[in-house]
Amino acid sequence: MMDIVFLRHGKAEGRQENLCDKQRKLVQEGRQKTLKTAEKLKKRILHSPITIISSPAIRALQTALILKETLQTQNFNVVDAVYTGDTVALKQEIENLESYGTCIIVGHEPLLSDWLREIFGLHSHIKKSGYVTVRKTEDNKYHIVEVRRAVILPHMQE
């Protein structure tokens, strides 16, 4: 059994003309809410191994590093597809993992919600430092396990 956690980065600096989008950093509120989210995840029973896959954007990396430290995992990958929205590459990253454990994908909206819709047929919106956890069972079916700081629209599930 594998849990896949689609987690949005914490609150970051606003867009600025002289600052590349990838360079935007978490603000204090973003770090604090991300730490609360990480602590919430730590209290859950997460299946081992725990793997974190992060976008290369600074705000996502900072979010992922807070998770890495709080959850005490060494499995950490930076994957461009999480920033660019390459669904095929992301699916391949997930398929390369063990068929059990927990994979936390730290990325951006609307890409996270797009993947939840494309891969699982779930229509959602994830707030900053929020997540949706989907569990893949032995029969290759997926089920929503947990929603935190996110909205799932059940009437729109396919």
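Colleague: Where is Pro49 placed?

Modeller: This is a predicted model, so to speak of local features we ask for pLDDT of at least 70, and side-chain atom pairs count only at pLDDT 80 or more, while totals for chains, interfaces and linings use all residues. Numbering runs from 1 along each chain as its sequence is written, and side-chain values use heavy atoms, with hydrogens and water left out. The peptide bond from Ser48 to Pro49 is cis, omega near 0 degrees. As for its place, Pro49 is in the loop between α1 and β2.

Colleague: And what is omega for the bond that joins Glu109 and Pro110?

Modeller: Pro110 is in the loop between β4 and α5. The bond that joins Glu109 and Pro110 is cis, and omega is about 5 degrees.

Colleague: Is Thr51 buried or exposed?

Modeller: Thr51 is in strand β2; helices (H or I, at least four residues) and strands (E, at least two) are DSSP runs, numbered from the N terminus. Leaving out residues up to four places away in sequence, Thr51 touches Asn75, Asn77, Leu97, Thr102, Cys103 and Ile104, where contact means heavy atoms within 4.5 Å. Buried means under 20% relative accessible area, exposed over 50%, partly exposed in between (1.4 Å probe, protein chains only). At a relative accessible area of 8%, Thr51 is buried.

Colleague: How far apart are the end C-alpha atoms of helix α2?

Modeller: The expected span of a helix is 1.5 Å times one less than its number of residues. For the 14 residues of α2 (residues 58–71) that should be 20 Å, and the end C-alpha atoms agree, being apart by 20 Å.

Colleague: Which residue follows α2 with a positive phi?

Modeller: Look in the loop between α2 and β3, where Gln72 is found. At 65% relative accessibility, Gln72 counts as exposed. Its phi is positive, about 50 degrees, although it is not a glycine. So the residue that follows α2 is Gln72.

Colleague: Arg149 also has a positive phi. Which strand is Arg149 found in?

Modeller: Phi is about 55 degrees at Arg149, which is not a glycine. At 32% relative accessibility, Arg149 counts as partly exposed. The strand where Arg149 is found is β6 (residues 142–152).
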